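Please look at the sequence and the structure shown below, and keep them at hand while reading the report that follows.

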Amino acid sequence: MKSLIKVTKKGDGKVAQCCAKNSKAVMGCHD
Amino acid sequence: MEEPGKLRQPGFHHSYLEEMEYSKHNIFSKIADSEGYFLVNPLSRQADILDRDEAQDYMNHNLLSREEYIQKGYLVEPAEEEKLFRKSYLNFIDERDSDEVQLFFTPWYSCNFNCSYCFQDEYTNPHDHVEEEVINAFFRYVDEKFSHRRKYITLFGGEPLLNSPNKKETIKKVLEGATHRNLDVAVVTNGYHLVEYLDLLKSAPIREIQVTVDGTQTVHDSRRMLRGGKGSFDRIVEGVDALLENRIPVNMRMIVDKDNVHNLPELARFAISKGWTRDPLFKTALGRNYELHHCQTNQTKLFSRIEMYQEIYKIVQEHPEVLEFHKPSFSIAKFIFENGEMPEPLFDSCSGTKTEWAFDYSGRIYSCTATVGNVGDELGTFYPQVKLNEELIEEWEERDVIAISECNNCPVRLACGGGCAAIAKTRTGKLHSPDCRPVKDLLELGVGLYSQLKIV
């Protein structure tokens, strides 16, 4: 197995929730 | 005989002497155009590439290095995994409660464009003028209801940047209200009047201007034209240049369907030639054209989510310069390769009523941009009086992969998050129903693409 996890210290790990939050700024629910 | 998915672990701590199982959250599949496979677990936040032999062993439940699978949470004691699931859920709720809230304000639904795929084209605009007292009431509501939350305002429409003295005055008041409160402002605009609005935008704390560009000139103008039919491309390009020259961040969004996806490489090359892609204040998004609220005239042009990404995967292989313009997410694949870590488990992908609210000029309150202005989706009013439909709001607030019964046994639920509530409701009539994301299929493509590129 080759891990894709490269960081041991975790960042905030936040991904966009709604597609609207792609940029954490403006909308875009089409995605 | 061992049951499928269960493995015995001799020599482990007593609790591990119980039967171990493959995690319910393992996502395993073959990588596109590769001999390799991937194994991803959004709960334990692990992601691995398996060679063919390892994958065969995994499929046959014949693991050679069980310790590694246990350590990474691919092989679990179910009760222990349930504890981690509950802990992660509480953590998700806590984090979200302290997350920034995006507050959309729609000053009107009017628009100077006649886009071929508009989802608001059946909206009516009984009034075309927003009263100052509505803006004041909006900010009073923001001050009171979100006093302890980090927040920012986003101007939405219709088209918020319409070029008449009255409309400009309204936008100015909203910008002043935000500036006065130290709130950032984002704007979702078609970009036609950016130059006329530049001075006003320069005076406010603008976080980002989202401008939609659907391709290079001919393609864009055939989809996003003025009401009279005139093209809009040249003026938008001029506006984007002006924003960047004035160091105002731009988020360029291309809405994609079968009619224009082929133009993506050309748009990418155009953006590269303009120097936009080298500017850290320039970023991009790809949006899928889809049906919301009502059927589109020509449904055959619409992509499903996986179809869109399959097409983009092919395009990027042939035109890698596209990646200079935009790196598609392929679910969580881009995140993993860019950050070298897994995102946090996503118990809810819908931000509506949690970290997103939408308000319009009529004084109505909605959950998000997909519902704002849609008759029947109102959650209350902030003007002329504050009145909330608590029961409906609670239903929105409670929607997550635990509340949606269809998500309960889905292995990809913590990467999917249950999808968009508005789409789910349009499709099933039920808010607590899923809008499933094809996570496994997207990862097959995304892991394939990004592992070839070796961007880690």
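## Confidence in the model

Chain B has a mean pLDDT of 92, and 93% of its residues reach 70 or more, where pLDDT is the predictor's confidence in each residue, from 0 to 100. Over residues 8-15 of chain B, however, the pLDDT is below 50, and this stretch has 7 contacts in the model beyond near neighbours in sequence; two residues are in contact if their C-beta atoms, placed from the backbone, lie within 7 Å. For chain A the mean pLDDT is 55, and 23% of its residues reach 70 or more. Its residues 17-31 have a pLDDT below 50, and that stretch has 60 contacts in the model beyond near neighbours in sequence. Where pLDDT is low, the predicted coordinates should not be read in detail. The model scores ipTM 0.84 and pTM 0.91.

This is a predicted model, in which local features need pLDDT of at least 70 and side-chain atom pairs count only at pLDDT 80 or more, while totals for chains, interfaces and linings use all residues. Residues are numbered from 1 along each chain as its sequence is written, and chains are lettered from A and ligands numbered from 1 in the order in which they are written.

## Domains of chain B

Chain B is divided into domain 1, covering 6-94, and domain 2, covering 99-328; such bounds come from an automatic or database domain assignment. Taken over C-alpha atoms, the centres of domain 1 of chain B and domain 2 of chain B are separated by 42 Å.

## Helix 5 and helix 6 of chain B

Helix 5 (residues 132-145) and helix 6 (residues 165-180) of chain B have axes that come within 10 Å and cross at roughly 25°. That makes helix 5 of chain B roughly parallel to helix 6 of chain B. Helices (H or I, at least four residues) and strands (E, at least two) are DSSP runs, numbered from the N terminus. Axes are lines fitted to C-alpha atoms, for helices over the stretch in contact, and angles run from 0 to 180 degrees between N-to-C directions; those under 35 degrees count as roughly parallel, over 145 as roughly antiparallel, 65 to 115 as roughly perpendicular and the rest as oblique.

In this pair, Glu132(B), Ile135(B) and Phe139(B) of helix 5 meet Lys173(B), Val174(B) and Gly177(B) of helix 6. By class, the contact has 3 nonpolar, 1 polar and 2 charged residues, where Ala, Val, Leu, Ile, Met, Phe, Trp, Tyr, Cys and Pro count as nonpolar, Asp, Glu, Lys and Arg as charged, and the others, Gly among them, as polar.

## Two further helix pairs

Helix 7 (residues 194-202) and helix 9 (residues 233-245) of chain B pack at an angle of about 20°, with their axes 9 Å apart. That makes helix 7 of chain B roughly parallel to helix 9 of chain B. Leu194(B), Val195(B) and Leu198(B) of helix 7 meet Glu238(B), Gly239(B), Ala242(B) and Leu243(B) of helix 9, and the residues of this contact divide into 5 nonpolar, 1 polar and 1 charged.

The axes of helix 11 (residues 305-318) and helix 17 (residues 439-453) of chain B come within 10 Å and cross at roughly 15°. That makes helix 11 of chain B roughly parallel to helix 17 of chain B. Among the residues making the contact are Tyr309(B) and Tyr313(B) of helix 11 and Leu442(B) and Leu445(B) of helix 17, and by class the contact has 7 nonpolar, 1 polar and 1 charged residues.

## Backbone features in loops

Most residues other than glycine have a negative phi, and most peptide bonds are trans. The peptide bond from Gly157(B) to Gly158(B) is cis, with omega near 10°, and Gly158(B) is placed in the loop between strand 8 (151-155) and helix 6 of chain B. Another cis peptide bond joins Tyr383(B) and Pro384(B), with omega about 0°; Pro384(B) lies in the loop between strand 15 (380-381) and strand 16 (387-388) of chain B.

Asn182(B) is not a glycine, although it has a positive phi of about 60°. Asn182(B) is found in the loop between helix 6 and strand 9 (185-189) of chain B.
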